[in-house]
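Dear colleague,

I am passing on the structure below, and I would be glad if you could look through it alongside my notes.

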Amino acid sequence: NSTNMNIVDLRGDFPILSVKVAGKPLIYFDNAATTQKPQAVIDSIVAYYTQLNSNVHRGIHTLSRVATDRMEQARRSVQSFINASTAEEIIFTRGTTESINLVAHSFAETFLNSGDVMLISAMEHHSNIVPWQQACKAKNVNLDVIPMLQDGTLDMDVLDAKLSQRVKLLAITHTSNVLGTVNPIKTIIEKAHLLGIPVLVDGAQAIVHTAIDVQALDCDFYVFSGHKMYAPMGIGVLYGKTHYLERMPPYQSGGEMVERVSFERTTFNELPYKFEAGTPNVEGILALEAAIQYLTAHDTVALHRYEQELLHYATQRLQSLDYIEFVGTAPHKAPIISFNLKDIHPADAGLILDQFGIAVRTGHHCAQPIMDYYQIPGTIRA
């Protein structure tokens, strides 16, 4: 252990880790699906409902004003966390899936035309496949796929061949939720931008394992979920460059996203509110800020190094067992291991592990094309 972190103290921040499963101490290896919550995040939810609960942006009474100020402060915290150039580029959504659906709907409306090409990769989560299939169907656009290689890396030669003037958007994962592959996202964005192609990055798995600087990456959209970075479920973020967001029509209509409504016509609110119809998840937004504060209060470089050491250790130990088959062996990986036990269905292995209090994810992990590629029913993922 090259770091000076006290892991026992860190574990103590997460109340659920004292729970017993099947009479055994919980060993939780399902962070890629959702992370557990530290006490600081839980406290923030309780504090909101016991001291601050009020609808935001519409009220002149004290609670409403304070809740509004706190929510907008949280937006600035997210802006700072990913280094967006303005707070208006931070749109609060329910999560990565809704963020992608928003772009698939609103970007397609303005920027995609019949005969255009939309590009994704072979290692995408269903959330970064299905919304684009729907958008392409609606606009008569061709959906093309960058293939991957046996080790779980992207075929960069084919990527180069598929980038052309006809491609109007590239949507790609930063880190695969199945393979752990960390894509060379900055290089990919540079290649796309040479041809004027905007890039959406699915950062659901990357946001907690690496420092994200959207200006340095120069991505056009970056999306992620709170619940994969110690915040609650039901809160997520869409970052988008202003010049795209301003030209995209609203995704949903109703309260908050309007400026003036009459029965004849409606004018829409400015950014970011144009994309935030209805009462927002204020509790989730403030708890997302609490999660960011929790993360940044630690030495994140040391945390990331520690995760890589755990990955290396676990990989080495599993490699020593001749009945383990790895799925995804990219040289540059996030701390995700997908594997199978020879001749044992992953679901059976998962059920047996659960009897020992060990929580792993089994199945296709919402990435069925990856399973088809490897011709397997699923994997065990830790």
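Leaving aside neighbours within four places in sequence, Phe92 is in contact (heavy atoms within 4.5 Å) with Met71, Ala74, Arg75, Val78, Ile235, Gly236, Val237, Glu276, Ile285 and Leu288. Please bear in mind that this is a predicted model, in which local features need pLDDT of at least 70 and side-chain atom pairs count only at pLDDT 80 or more, while totals for chains, interfaces and linings use all residues. Residues are numbered from 1 along each chain as its sequence is written, and side-chain values use heavy atoms, with hydrogens and water left out.

Phe92 is also among the residues with the most contacts inside the largest nonpolar core, together with Ile82, Leu170, Tyr222 and Leu288, and this core has 71 residues. A nonpolar core here is a set of buried Ala, Val, Leu, Ile, Met, Phe, Trp, Tyr and Cys residues joined through side-chain atoms within 4.5 Å, where buried means under 20% relative accessible area with a 1.4 Å probe, protein chains only. Helix α10 (residues 282–296) gives the largest share of this core, 10 residues; helices are DSSP runs of H or I, at least four residues, and strands are runs of E, at least two, numbered from the N terminus.

Met229, in the loop between β9 (221–225) and β10 (236–240), is buried, with a relative accessible area of 0%. Beyond four places in sequence, Met229 touches residues including Phe81, Phe224, Leu288 and Ile292.

Asn177, in the loop between β7 (167–173) and α7 (185–194), is buried as well, at 6%.

Best wishes

Conventions. Buried < 20%, exposed > 50% of the residue type's maximum accessible area, 1.4 Å probe, protein only.
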